[in-house]
Amino acid sequence: MRFYSYDYVAFIFSISCLPLLFLTSLPSTSQWYGCFYLLICLATLCNITRSLFVLLRPCLLLVTLFLVGFLWSTASAKHYLTAVLPYIDKTLSVTAKVKSINTLTQTNWIEQQRYIQFDILQIEGRDSQPDFSIAVFWDQPQQPMAGQIWHLQLKTKVVHNYLNEGGFDSQRFAITNRNLLSAKIIQADLLQESINLKQTIVNNLLPYITAFTYKDLLLALTVGDRSQLTPERKTMMMQTGIAHLIAISGMHIILVFAISLFITKSSLFFLPNRFMHYAIPTVVGWLGAFFYAWLSGMNPPVMRALLALSIWIILRYRHGQITAWQKINRIIAILLVYDPLMILSESFWLSCYAVISLIFLFQWVPLPTAISYQKRWYIVRLLHLQLGLTLLFLPIQLVIFQGISSVSLLANLIAIPMVTIVTFPAVLAALLFSFMDFSYFASGCWWLADKSLAWLFYALSGLNMEWMTFSQNFFGLSLIGWLAIIAWRTNYWRCFLPTTSVIILLLLAPFFKQQNYLWRVDMLDVGHGLAIVIHNGSSAILYDTGAKWENSSAAERVIIPFLKWHGLTVDGIIISHQHNDHIGGLSIIQKYYPQAWLMSTSNQLVNDFACIAGERIKWQHLTFDLLWPERLVPHAGNGDSCVVKISDGQFSILLTGDLERQQEYLLAAKYRQQLFSQFLQIPHHGSNTSSSYAFLGQVKPQISLASTSRYNPWKLPSYKVMSRYATFNLPTYVTAQTGQISLYFTDKNWYLNRMRHEIKPRWYHQWFGALPIYE
């Protein structure tokens, strides 16, 4: 008796890779080998005395298959980490080949410092493992070209995430793409100047592309380089929900395959019969898709798409009778066999989810035959596709992006035909004519692609673009599209109305969930800077807004996603002082929450309240006592930091900004025991210029919290200051190590959760490399 099928094996293998998403730590070597020996025993047991174990064999087989996938996926993760960990935070001498394509002119090169991907050939004179790459921050005058070989002196570091609820998980992203290691250059020497074929092709294309207005988008569609996309166009594409059309993915690979297939089929009509074979169009189509994938950089989504296309072709010709569900099931399993770390990739989930949604939509909500095939019903078919996908995509959009575009349906109805019918075919034709050195035809096609993008963005600019964000309470409710279609097609709601009502109530349950705290304080992980959120589950007050960088800010990357994740409105903002790492995100926060009042110690800001010692503010059931400074100043520095003691009558926390030792002495002398607080925000990120003995002796905190980044140039918090806290037996927590730190207060108690430990402990969130000095 056969207890399994290929589809059963594929499904169980895919499921067995899921633990990689949730494991707090990878199994140790002894644990892994213990599972391996168990696998051997189970496999042996499945094959002996079949009649005796006929009832147990299905269960044994299930466990065996699950163990195979689990061991394979964890072994892949351990192998990658084992290769990378010895080189974290080291100074290395390496020989490396440039992997990244250079698409910049000399002028742009000087203006734009960037990360360059290198494949490591040798480390300290010894051959490295294959496929070992590193991202190098290039600040040298020379332009590295793909294929060149360099000798580099590097100071390495590891990707270390700003880890907060609702924020982007860069550590998980780096591990997924096997790009955990990065470095700064100490010295760079060119060993071999010759460039590879891909860079040669790109160099020939650049004179055409750089002459056009939308060269950044043309580069993205041609060679997959999105580094030159302007912030304005990035924002517009995100807010309209069309970014997927520009980022090379499975859709583009399938389009290249389909166009190559069509052209080849058409060409065969002009050839003698002896040259015809049914497989020729498919082979040519696959070769076209492979060439385009190779030219665009073979990034992980493209590699997955090409591999999935290859598997689909094989399954189509070898197993003509299997269903679409069987094909996608087997393709996902084979992809995970190829690279189990794909399970961590959001783009992998989006790709699989998109295909599953398409299959579900066309099988469960099909259009009438007449509409499906007649050309005059094209708009109806497009509406059916877009409406269906918009509804079915709600769950994954809310989980990954915490929101949806309010105009994505209309924007995609405009953009999809334009890009797929005009822009992308024009780009492919321009590529072909450029290779053939037909400059007039090539220039004409590039012009058409550029004009089509101009028309598209002109049309999109007229839309009222708004990104609608949703809190985590909506995640369950977002499944309503899937459930409604299933209930409608199966008549489930007619036969099981009480059960249907219970399911709807369960989806609505998060909106009525009672929170288990009265108020909470979250010190967000914003790197070197400070951002603290005091809230009661619905409204919040911010103490500082983190830093602003050249192209982004802590407000955009961390604070606003956190507020949206929890569904919080901002009632007020307190700015401790005017250094960038504390006030950088103020204008952005005020743009999102214009009704929020402002308090600061500077008379140059438009304050609703002045932070002056002796003042008191009541908010909800909390009291904000202002302890420092004694007067407003034109430009507030460290010593003018707004010191606030927040209390509910039982528990209190002292927020100090970047207060320095001299002001600490004055506060200790003035307030003495009134400074006592159970919790302290460590002044000035743990610098030697603060946290004096006199100050700590009066505050006597039970818990002290510091906000720093792992690789800050000042090496904060300092070892001397951490030793001082240890002398007082004061437990300290640092965001660089713990991620977001959350304090919860009930009517009689409090508790503390850390992102890397209690809130979201995952093996890919660990502190990779040597532990910090304050450990």
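1. Exposed means over 50% relative accessible area, buried under 20%, and partly exposed in between. The model under review is predicted. Asn729 has a relative accessibility of 67% and therefore counts as exposed. This residue sits in the loop between H29 and S21, and its phi is near 55°, a positive value although the residue is not glycine.

2. A second residue other than glycine with a positive phi is Glu124, at near 50°. Glu124 belongs to the loop that links strand S2 (114-123) to strand S3 (126-127). With 41% relative accessibility, Glu124 counts as partly exposed. As background to both residues, most residues other than glycine have a negative phi, and most peptide bonds are trans.

3. Two cis peptide bonds deserve a check. One runs from Trp628 to Pro629, with omega near 5°; Pro629 is placed in the loop between S16 and S17. Another joins Leu716 and Pro717, where omega is about -5°. Pro717 lies in the loop between S20 and helix H29 (719-727).

4. Which strands form the open sheet of 7 strands, and in what order? The order is S15-S16-S17-S18-S19-S20-S21, and the pairing is mixed. Strand S15 (616-619) and strand S21 (732-734) are the edge strands, each pairing on one side only. On average, and with direction ignored, neighbouring strands of this sheet are turned by 20° against each other.

5. S17 pairs with S16 in the antiparallel sense over 5 bridges, with Leu626 opposite Val644 in S17. The pairing of S17 with strand S18 (residues 652-655) is also antiparallel, over 4 bridges, and there Lys645 stands opposite Leu654 in S18. The hairpin of S17 and S18 has 4 residues between the strands, and in this hairpin Gly649 takes a positive phi near 100°. Helix H27 (residues 661-671) lies across strand S16 (622-628) and strand S17 (643-647), running at about 120° to S16.

6. Another open sheet has 8 strands in the order S14-S13-S12-S11-S10-S9-S22-S23, again with mixed pairing. Its edge strands, each pairing on one side only, are strand S14 (609-610) and strand S23 (750-754). Strand S22 (residues 741-745) runs antiparallel to S23 and is joined to it by 5 bridges; Tyr744 has Tyr751 in S23 as its bridge partner. Helix H24 (residues 554-565) packs on this sheet and touches strand S9 (519-523), strand S10 (532-535), strand S11 (539-543) and strand S12 (569-574). The direction of H24 makes about 20° with that of S10.

7. Helix H11 (residues 250-268) packs with helix H12 (residues 280-295) at an angle of about 140°, the axes being 7 Å apart. H11 and H12 are therefore oblique to each other, and their crossing is right-handed. Residues in the contact include Ile253, Phe257 and Leu261 from H11 and Val284, Trp286 and Tyr292 from H12. By class, this contact has 12 nonpolar, 6 polar and 1 charged residues.

8. Helix H15 (residues 346-364) and helix H18 (residues 394-401) pack at about 170°, with their axes 11 Å apart. This pair is therefore roughly antiparallel. Glu346, Trp349, Leu350 and Tyr353 in H15 meet Pro395, Ile396, Ile400 and Phe401 in H18. The contact of H15 with H18 has 7 nonpolar, no polar and 1 charged residues.

9. Is Leu180 buried or exposed? Leu180 counts as buried, because its relative accessibility is 0%. This residue is found in the loop between helix H6 (170-176) and strand S6 (181-192). Beyond its neighbours within four places in sequence, Leu180 has contacts that include Tyr80, Leu81, Val84, Val158, Ile175 and Phe768. Leu38, by contrast, is 142 residues from Leu180 in sequence and 32 Å away in space, C-alpha to C-alpha.

Key: Residues numbered from 1 in each chain as written. Predicted model: local features only at pLDDT ≥ 70, side-chain atom pairs only at ≥ 80, totals over all residues. Heavy atoms only, no water. Axes fitted to C-alpha atoms, helices over the stretch in contact; angles between N-to-C directions. Helix = DSSP H or I, 4+ residues; strand = E, 2+ residues; numbered from the N terminus. Parallel < 35°, antiparallel > 145°, perpendicular 65-115°, else oblique. Left-handed = near helix turned anticlockwise from the far one by under 90°. Contact = heavy atoms within 4.5 Å. Nonpolar A, V, L, I, M, F, W, Y, C, P; charged D, E, K, R; others polar. Pairing = 2+ DSSP bridges. Buried < 20%, exposed > 50% of the residue type's maximum accessible area, 1.4 Å probe, protein only.
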